[in-house]
Amino acid sequence: MLDFIYWIINVVSCTIQFLDCSFEKQSFELVTGFVFTAPDDTLELVPGTLHLTECLSYCRHNTSCRAVNFETGLCVLFSSSATDRPEALTSSQFPVFTIYAQKICLQGELAFMYELYACHDNQRPWFGWELIQ
């Protein structure tokens with residue numbers, strides 16, 4: 001039960017932090033080869049999107065957007081993210097190369113780069129961080 005309460009507090013605090021994030025500090029965390037599946041949270045489908053930077057720009061300029069799926073030719077904007085719904089992020093089964101990206105807020109004066117890596121435990125992905133020095 002305590003783990004569940006901590007998870008709720010953690011999600012709420014991340015959401016509050018993100019709402020306080022200025023446009024200049026918004027960035028994206030990219031996960032390649034994964035797809036986010038949340039049909040009820042789909043904000044917009046943008047066909048004809050040929051570049052990842054275009055897709056990220058659509059999301060960045062949409063205050064309701066928290067995450068995107070991108071494959072060449074299609075950008076899907078979501079009002080939720082894997083932070084909110086980790087079970088909705090799965091390894092892509094599509095024959096095309098997919099990228100999942102979620103908005104993050106860069107904090108502090110120094111920017112540290114982290115590499116996200118995916119691990120699998122009983123067929124369910126989980127993610128860890130590694131500091132790149």
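User: Is C105 buried or exposed in this model?
Analyst: The model is predicted. The relative accessible area of C105 is 19%. The cut-off for a buried residue is under 20%. C105 is therefore buried.

User: Which residue does C105 join through a disulfide?
Analyst: The link has an S to S distance of 2.2 Å. The partner lies in the loop between helix 1 (2-19) and strand 1, while C105 sits in strand 7. The partner is C21.

User: What is the handedness of the link of C21 and C105?
Analyst: C21 is buried, at 10% relative accessible area. The angle about the S-S bond is 95 degrees. The link of C21 and C105 is right-handed.

User: How many residues apart in sequence are the parts that C55 and C75 tie together?
Analyst: C55 and C75 form a disulfide with sulfur atoms 2.0 Å apart. Both C55 and C75 are buried. C55 belongs to helix 2 and C75 to strand 5, so the pair ties together parts of the chain whose separation in sequence is 20 residues.

User: Which disulfide is left-handed, and what is its torsion about the S-S bond?
Analyst: For C55 and C75 the torsion is about 75 degrees, so that disulfide is right-handed. C59 and C65 form another disulfide, with their sulfur atoms 2.1 Å apart. Both C59 and C65 are buried. The left-handed disulfide is that of C59 and C65, with a torsion of about -100 degrees.

User: What pattern do the disulfides of the protein follow?
Analyst: A search of the whole structure gives three disulfides. C21 is joined to C105, C55 to C75, and C59 to C65. With bonded cysteines counted along the chain, the pattern is 1-6, 2-5, 3-4.

User: Which strands are the edge strands of the sheet?
Analyst: The sheet is open, with five strands in the order 1-7-4-5-3 and antiparallel pairing. From one strand to the next, the twist averages 20 degrees. An edge strand here pairs on one side only. The edge strands are strand 1 (26-32) and strand 3 (42-47).

User: Which residue in strand 5 stands opposite A67?
Analyst: Strand 4 covers residues 67-71 and strand 5 covers residues 74-78. They pair in the antiparallel sense over five bridges. Opposite A67 stands F78.

User: What angle does the direction of helix 2 make with that of strand 4?
Analyst: Helix 2 (residues 52-60) packs on the sheet. Helix 2 touches strand 1, strand 3, strand 4, strand 5 and strand 7 (99-105). Its direction makes an angle with that of strand 4 of about 160 degrees.

User: Is D41 buried or exposed?
Analyst: D41 lies in the loop between strand 2 (34-36) and strand 3. Its relative accessibility is 16%. The cut-off is under 20%. D41 therefore counts as buried.

User: With which side chain does the side chain of D41 make a polar contact?
Analyst: Leaving out residues up to four places away in sequence, D41 touches L77, F78, S79, S80 and R85. The polar contact has a distance of 3.0 Å. The side chain in question is that of R85.

Conventions. Residues numbered from 1 in each chain as written. Predicted model: local features only at pLDDT ≥ 70, side-chain atom pairs only at ≥ 80, totals over all residues. Heavy atoms only, no water. Pairing = 2+ DSSP bridges. Helix = DSSP H or I, 4+ residues; strand = E, 2+ residues; numbered from the N terminus. Axes fitted to C-alpha atoms, helices over the stretch in contact; angles between N-to-C directions. Contact = heavy atoms within 4.5 Å. Buried < 20%, exposed > 50% of the residue type's maximum accessible area, 1.4 Å probe, protein only. Polar contact = N/O pair within 3.5 Å; in protein donor to acceptor, adjacent residues only side chain to side chain. Disulfide = S-S within 2.5 Å.
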